[in-house]
Structure formats: structure tokens, C-alpha cells
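Work through the exercises below with the sequence and the model open beside you, and try each task before reading its solution.

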Amino acid sequence: MRTSREMAVTAETLRQRCAELMASHPRGFGDCGWLHEAFLSVPREHFVQDSVWWETPGKDGRHTLLDRTQQPKTWLEMIYEPAVALITQMDDGAVLPTGRAKGALTSSISSPGVIIELLRHLAPQPGDRVMEIGTGTGYTTALLATRADAEHVVTVEIDAELAARARVRLAALDLHPLVIAGDGELGYTTGGPYDRIVATASVRRIPQAWLDQLRPGGVLVVPLDSPFGHDLLVRLEGDGHGTAQGRAVERVMFMRVRGQRDVVPYADLGWPTGAAPENWSDLYITAGPAGQRIILPEASATPPS
Ligand SMILES: C[S@@+](CC[C@H](N)C(=O)[O-])C[C@H]1O[C@@H](n2cnc3c(N)ncnc32)[C@H](O)[C@@H]1O
């Protein structure tokens with residue numbers, strides 16, 4: 001049996017190795033020195049429960065459990081694999097992590113790579129007011145709180161139990177952002193207006209509340225469902241009057257916010273007909289009181305109605 005000290009040393013080594021990989025990766029830290037430092041300073045394993053599921057199911061559609069008590073080395077190694085997300089909740093908590101299981105994946109600790117990508121595009125500055133939607137384990141919140149001052153960080157999680165667990169984990173690291181249990185699609189007016197808003201759950205339609213709570217020039221980074229079989233990470237800048245505009249910056253895949261799980265025709269979500277997947281990075285997105293519009297610049301003369 002290894003001591004917790006030996007375990008901590010191993011975690012540090014893995015964190016360092018993961019950081020080295022992300023430092024040289026084209027979708028890694030880039031020139032965000034603060035993010036590299038934050039990644040090295042936050043013990044990611046602290047946010048992961050003992051029993052999680054692998055993201056990829058077996059042939060029978062069931063997800064295998066990865067249990068720390070049975071496989072401590074694999075559990076720790078997977079936490080620091082750049083592209084691995086670990087599933088922490090199925091069917092909104094109705095399925096307990098006690099064995100192989102089948103169900104809708106409803107919460108996870110996002111992979112190190114995707115979180116680094118989100119935060120690189122978000123580029124929060126010291127002193128910024130930041131709102132995160134989808135607290136999950138609280139890991140992304142911890143990275144944000146080391147950059148933007150914890151008292152200026154608000155994170156909203158729809159699952160009250162997950163929110164409570166994240167609050168405790170953050171406090172154990174002496175990080176005290178405001179963790180709100182509630183529907184993040186409504187944002188959190190009291191903490192705003194925000195310089196930065198980031199969602200770690202995807203939307204089909206960008207909620208107006210987020211646009212209303214964004215400061216003029218504020219940045220919103222959110223995974224947006226697309227007709228291409230994956231989400232697009234979009235980075236929009238707000239005008240301070242409830243409208244924001246910008247581009248798709250990456251292809252990603254996220255769990256959907258609870259209130260937007262139902263399928264909606266893309267034409268009703270402002271998508272142009274016939275947009276080709278290879279043109280994803282040319283798309284221009286506007287969202288505001290007039291609705292959501294996604295256009296290809298060359299098609300801008302005939303935007304979707
Ligand atoms: C992919 S997980 C977030 C993972 C988090 N970034 C982490 O690394 O721990 C998405 C989270 O969004 C939450 N969520 C879904 N709909 C939401 C909503 N309307 N408001 C707030 N949180 C929501 C889910 O409960 C889930 O915990």
C-alpha cells in the first residue's frame with residue numbers, strides 16, 4: 001500500500017508530463033503562461049471521485065467503471081491523459097457509479113486538453129468578473145479562480161449535489177468562488193456584468209441571459225451544437241446591449257445543457273442551409289434579441305430567414 005505522500009509525488013509527475021505535452025501541442029497553452037502555471041498548481045485528481053466511468057462504451061453500450069481502490073495507478077494516469085474525459089454522472093444521477101452501466105452521460109471532468117483550449121480562448125485577466133456555466137467537479141472553476149481572483153468568479157451548476165461537492169472540494173484548496181446551484185441558462189445577474197463567460201456544457205441556442213450579462217467588449221466562449229456532427233467552440237464579443245458576435249474557433253464535443261436536450265431543426269436555430277463541414281472556421285455568429293444567426297461571409301447576402 002502506497003502512502004498518500006508517494007501518491008502525491010506521482011500525481012505531480014503526471015501533471016508535469018501532461019503540461020509538457022500541452023505546452024508543445026498546437027491546441028495547448030499557446031502563449032498563455034498563466035494557464036500553464038495554473039494547470040501545474042491545481043491538483044486535478046483532487047476533483048475526481050473514486051469511481052468514474054470510461055467515456056467510450058463497450059460493444060454492449062455499457063461504460064466500464066474505473067475504480068480508484070481497484071486500479072489506483074490507472075485512475076491517476078487517466079486523470080492526466082490530455083484527451084481523456086472521465087464520466088462522473090449518468091442519467092442526472094439516477095445511475096450510481098457502482099459497476100458497468102448504460103445511460104446518458106450527464107456530467108464529467110472534462111479532458112485537460114479541452115479545458116486548456118476553452119480557457120486559452122477565454123483569456124481571463126486578473127481582476128475580471130467571470131461566470132462559468134456547468135461547474136461539474138469544480139476543476140475548471142479552480143483554474144479560473146487562480147487567475148481571476150476567486151471572489152470575482154461565479155460558477156453555476158444545475159445539479160445541486162454536484163454543486164455542493166464542488167464547493168467543498170474548492171474550499172479544501174482554499175478557493176472560494178461563488179458556487180450557485182441553479183439553471184445556468186439564466187446566468188447569475190447579481191455577480192455581473194461579466195468580463196468573461198464560459199460554458200462547459202453545449203447549447204443549441206445561446207441563452208439571452210448570458211448576452212445580457214456580458215460587459216461591453218466582454219468575451220463569451222461556448223460550445224455550440226452544429227449540423228456537422230460535433231459542437232463548435234464559439235468566441236463572441238458582447239456589445240453591452242445584449243448582442244454578441246464572433247467566430248467558431250475550434251471543433252469540440254460537450255454534454256448539452258439540461259434545458260436544450262431536445263432536437264431542434266437547425267434552420268430554427270439560425271443555421272444557413274447547405275453549410276459545409278469543412279467551412280466551419282469561416283462561420284460568423286451573431287446572437288441577441290433578434291435571435292441567433294450563423295452565416296458564411298460569402299453567403300451573407302442571403303442570410304437564413
Ligand atoms: C461536462 S460537465 C462540466 C465539467 C467541468 N468543466 C469539469 O471539468 O468538471 C457539464 C456540466 O454542466 C452541467 N449543466 C447542464 N445543464 C446545466 C445548466 N442549465 N446550468 C448549469 N449547469 C448545467 C451538468 O450538470 C454538468 O455537470
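**Exercise 1: the ligand shell**

Task: find which residues surround the ligand and are closest to it.

Solution: The ligand is surrounded by 24 residues, and the closest are Ser107, Thr137, Glu157, Asp183 and Gly184, where near means that a heavy atom of the residue lies within 4 Å. This is a predicted model, in which local features need pLDDT of at least 70 and side-chain atom pairs pLDDT 80 or more, while totals for chains, interfaces and linings use all residues. Residues are numbered from 1 along each chain as its sequence is written, and side-chain values use heavy atoms, without hydrogens and water.

By class, the shell around the ligand holds 8 nonpolar, 13 polar and 3 charged residues, with Gly counted among the polar ones.

**Exercise 2: polar atoms and cover**

Task: locate polar contacts of the ligand (N or O atoms within 3.5 Å).

Solution: A ligand nitrogen lies 2.9 Å from a side-chain N or O atom of Thr140, and a backbone N or O atom of Gly184 is 2.7 Å from a nitrogen atom of the ligand. Of the 600 Å² that the ligand exposes when taken alone, the protein buries 98% (Shrake-Rupley method, 1.4 Å probe).

**Exercise 3: the cysteines**

Task: state how many disulfides there are (pairs of cysteine sulfur atoms within 2.5 Å).

Solution: The count is 0 disulfides. Cys18 is in none, as the nearest cysteine sulfur, that of Cys32, is 16 Å away, and this distance is too far for a bond. Cys18 counts as buried because its relative accessibility is 0%, and Cys32 is buried at 10% (buried is under 20% relative accessible area, with a 1.4 Å probe and protein chains only).

Methods:
Buried < 20%, exposed > 50% of the residue type's maximum accessible area, 1.4 Å probe, protein only. Polar contact = N/O pair within 3.5 Å; in protein donor to acceptor, adjacent residues only side chain to side chain.
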